[in-house]
Amino acid sequence: KVAFVSNTIISPSLQTALVDLSAAMYGPTVGEGGMPTLHANFNHVQYDAISYNGIRQANLATFGKAMIPDYDFSKAKTVVSIGADFMGSWLLSNQYAADFATRRAPEADWMSRHFQFESVMSITGSNADYRAMIKPSKQAAVLSYILGKLGASTGVAANLSKDVQKIADEAVKSLKASKGESLVVTGSNNIAVQILTNKLNNVLGAYGKTITFENEVMMFQSEDAKMQKLAADVIAKKGPDAILFLGVNPAYNLPNGKAFAAALESVKLTVSLSPYADETATMCHYIAPDHHALEAWADFNAKAGHYGIAQPTIRPLHNTASALESLLVWAGKANRGGKDSRVAFDYISKNWELYGFPTQTKYTDFHTYWGMAVHNSATSMAVPAVTLTFNEGAVSGLSSKLPKGGGLEVVLYQKAGIKNG
């Protein structure tokens with residue numbers, strides 16, 4: 001058995017190369033819709049140091065799909081953020097900050113009202129019209145309080161201090177006035193807290209207006225439970241026969257990273273594709289260093305329907321190879337091409353010829369289509385309409401699944417300048 005541990009992979013071509021490697025090891029495997037997929041013995045685990053898995057799991061519980069929807073702050077007349085620094089570090093903060101700014105200009109048709117409930121001062125909080133300080137364990141209480149004022153029952157305690165309650169009451173007034181033109185976001189990675197957030201947005205009628213499912217966020221697909229199980233298996237010396245690492249350093253940022261790193265020596269084969277000799281790479285049998293991003297061809301699918309293509313700006317400086325090329329070489333699909341290798345370029349362009357070109361009608365020949373896609377660095381594809389129904393049953397029994405409070409609570413946050421470092 002093989003485990004491939006990576007950060008979230010949003011490259012369609014890299015995902016296809018993983019399937020090729022799986023097929024080379026175990027034979028072709030067919031998934032839903034007749035599409036090639038990974039074999040059961042090829043365990044791909046996506047792991048991000050900063051996880052948003054709580055949002056995905058909450059949407060799985062409430063809408064039946066593990067996803068992160070598209071938030072449109074430009075359409076929200078009332079914005080309530082509970083611990084989400086959406087202008088600094090939360091999800092696609094660069095997009096959200098720009099959208100939010102369009103509705104904060106005095107000369108605009110209308111200006112949004114912004115309420116922030118948070119535990120530490122953030123960039124977003126410093127720009128709020130109303131700001132309340134709360135403990136992290138009180139995030140659910142704020143949501144439950146607002147839901148109660150809107151006539152929705154949650155079964156979650158809504159005990160707030162007088163100062164916080166005063167600002168929450170102002171938020172309720174504004175939410176009632178704007179209804180479907182409102183947006184509530186929460187920074188917690190707790191599933192129950194995110195389910196409450198979904199419930200509030202559903203009561204407000206935000207879905208289909210300020211929150212849409214069509215252009216879902218494809219980034220941040222960390223599979224926390226799978227990573228924790230893999231780490232536990234490796235530490236117990238019950239891990240797979242081989243582990244490959246790409247874009248991750250679990251020996252450094254896993255809670256039990258030290259024990260995980262020490263246990264890697266019990267795995268028969270460990271390979272890191274890190275361009276640096278980091279804490280995980282130095283514990284592996286082999287390092288096949290990846291190119292720097294400025295040295296490599298790559299494609300991206302950050303949001304549904306939106307694709308990007310990156311081309312190298314410099315020739316590789318050191319003895320490295322594209323991770324995509326390494327996977328293809330190991331799969332027997334290519335040979336090493338050296339510093340001027342065309343392996344990644346040829347593979348990516350072929351993928352776009354097979355899967356991208358047929359989806360459009362603007363260009364009649366692939367050469368022109370591909371040339372324009374590379375020239376523009378981005379392209380879009382049509383996304384079908386998505387309609388999902390809220391599952392009220394997901395809201396029951398949340399109290400026991402919420403974070404527990406105490407006299408002293410610790411807040412971990414990302415610095416605006418370095419994010420996760």
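Me: Leaving aside neighbours within four places in sequence, which residues is Gln-116 in contact with?

Reply: Keep in mind that this is a predicted model. Contacts are read by looking past the sequence neighbours. Gln-116 is in contact with Ser-81, Gly-83, Ala-84, Phe-86, Ser-122, Thr-124, Gly-125, Ala-128, Tyr-130, Arg-131 and Ala-132. Gln-116 itself is found in strand β5, residues 113-118.

Me: Is Gln-116 buried or exposed?

Reply: Here a cut-off is needed: buried means under 20% relative accessible area. Gln-116 is at 0% relative accessibility, so it counts as buried.

Me: Which side chains make polar contacts with the side chain of Gln-116?

Reply: One is the side chain of Ser-81, with a polar contact of 3.1 Å. Another is the side chain of His-114, at 3.0 Å.

Me: Which elements do the buried residues of α1 pack against?

Reply: First find the buried residues, then what they touch. In α1 the buried residues are Ser-13, Leu-14, Ala-17, Leu-18, Val-19, Asp-20, Leu-21 and Ser-22. They pack against the strands β1 (2-6), β2 (42-46), β9 (242-246) and β12 (298-303), and against the helices α11 (323-330) and α12 (343-356). After α1 comes Gly-27, with a positive phi near 95 degrees.

Me: How many of the eight residues of α11 are buried?

Reply: Six of the eight are buried, so α11 is largely enclosed by the rest of the structure. The buried residues are Ala-323, Leu-324, Glu-325, Ser-326, Leu-327 and Leu-328. They pack against β1, α1, β9 and α12. At the start of α11, a side-chain oxygen of Ser-322 comes to within 3.1 Å of the backbone nitrogen of Leu-324.

Me: Where is Arg-336, and which side chains does its own side chain make polar contacts with?

Reply: Arg-336 sits in the loop between α11 and α12. The side chain of Arg-336 makes polar contacts with the side chains of Glu-325 (3.4 Å) and Ser-326 (3.1 Å). Arg-336 is partly exposed, its relative accessible area being 42%.

Me: How many salt bridges does the structure hold?

Reply: The structure holds 16 salt bridges. One of them joins Arg-104 and Asp-129, with the closest N and O atoms 2.9 Å apart. Arg-104 lies in the loop between α3 (93-101) and β5, and Asp-129 in the loop between α4 (123-126) and β6 (130-133), so the pair ties together parts that are 25 residues apart in sequence.

Me: How far apart are the closest N and O atoms of Arg-131 and Glu-118?

Reply: They are 2.6 Å apart, and the two residues form a salt bridge. Arg-131 lies in strand β6 and Glu-118 in strand β5, so this pair ties together parts 13 residues apart in sequence. Glu-118 is buried, with a relative accessible area of 4%, whereas Arg-131 is partly exposed at 26%.

Notes: Residues numbered from 1 in each chain as written. Predicted model: local features only at pLDDT ≥ 70, side-chain atom pairs only at ≥ 80, totals over all residues. Heavy atoms only, no water. Buried < 20%, exposed > 50% of the residue type's maximum accessible area, 1.4 Å probe, protein only. Helix = DSSP H or I, 4+ residues; strand = E, 2+ residues; numbered from the N terminus. Contact = heavy atoms within 4.5 Å. Polar contact = N/O pair within 3.5 Å; in protein donor to acceptor, adjacent residues only side chain to side chain. Salt bridge = Lys/Arg side-chain N within 4 Å of Asp/Glu carboxyl O.
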